[in-house]
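This report looks at the charged side chains of one protein and at how they pair with each other. Please keep the sequence and the structure in view while reading.

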Amino acid sequence: MHLSQTMLFQAKWTAAIHDEWIRNLLKNRPDLSSEQLERTRRLMDSTVRDCLIAGYEQLIPTLQLPDPDDRHVLAAAIACDADAIVTFNLQDFPTSILDEHSIAAMHPDDFVCDLCMTSPEVICETLQRHRLRLKRPAKSVEEYLSTLVTQGLTKTVTVLRSRADQL
């Protein structure tokens, strides 16, 4: 969310995408409540300007993907003229299909790493601000980078290590 505030890209999602991540997180994290995640949804929507995509539903039946349940994501990307779908599930969005719509599928690590390479000062300042806002618990630079590795951002952390003094 902090990176979306940099204006280096425009984050977009749908109510259905919210429903999907909330449902999956509740399944995998019984320590969280639906009330907590609904609050997160509201905060996300209020923090990122023009983030919600609407009017994409009619495209869903016209699309083919390996997992039909992912068609709503591609439909939303087409509807908002997105350049990329950022996802850990690259196999669910084949290049051969996305190319027809001039959309790329990008792993979050590649996406953030690209941002680090093109706008390193902005990204480091943003990540530093995020790290310093963490209070429960506060994190050292190394702890913060370790968290990013745990979240699958290994390439990003490799780039950031050379700028650790800016984090």
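## Overview

The predicted model holds seven salt bridges, among them the pair Arg29 and Asp31, the pair Glu38 and Arg41, and the pair Arg129 and Glu125.

## Arg29 and Asp31

The side chains of Arg29 and Asp31 come together in a salt bridge, with a distance of 2.6 Å from N to O. Arg29 counts as partly exposed because its relative accessibility is 37%, whereas Asp31, with a relative accessibility of 53%, counts as exposed.

## Glu38, Arg41 and Asp19

In helix 2, which spans residues 34-47, Glu38 and Arg41 lie three residues apart, or about one turn of the helix. These two residues form a salt bridge in which the closest N and O atoms are 3.1 Å apart, and a network of salt bridges links Asp19, Glu38 and Arg41.

Arg41 has a relative accessibility of 13% and therefore counts as buried, since buried means under 20%. Glu38, by contrast, counts as partly exposed, at 29% relative accessibility.

## Glu125 and Arg129

Helix 6, covering residues 120-133, contains both Glu125 and Arg129, which are four residues apart, about one turn of the helix. Their side chains meet in a salt bridge with an N to O distance of 3.4 Å. Glu125 counts as partly exposed at 48% relative accessibility, and Arg129 likewise counts as partly exposed, at 41%.

Technical notes. Residues numbered from 1 in each chain as written. Predicted model: local features only at pLDDT ≥ 70, side-chain atom pairs only at ≥ 80, totals over all residues. Heavy atoms only, no water. Salt bridge = Lys/Arg side-chain N within 4 Å of Asp/Glu carboxyl O. Buried < 20%, exposed > 50% of the residue type's maximum accessible area, 1.4 Å probe, protein only. Helix = DSSP H or I, 4+ residues; strand = E, 2+ residues; numbered from the N terminus.
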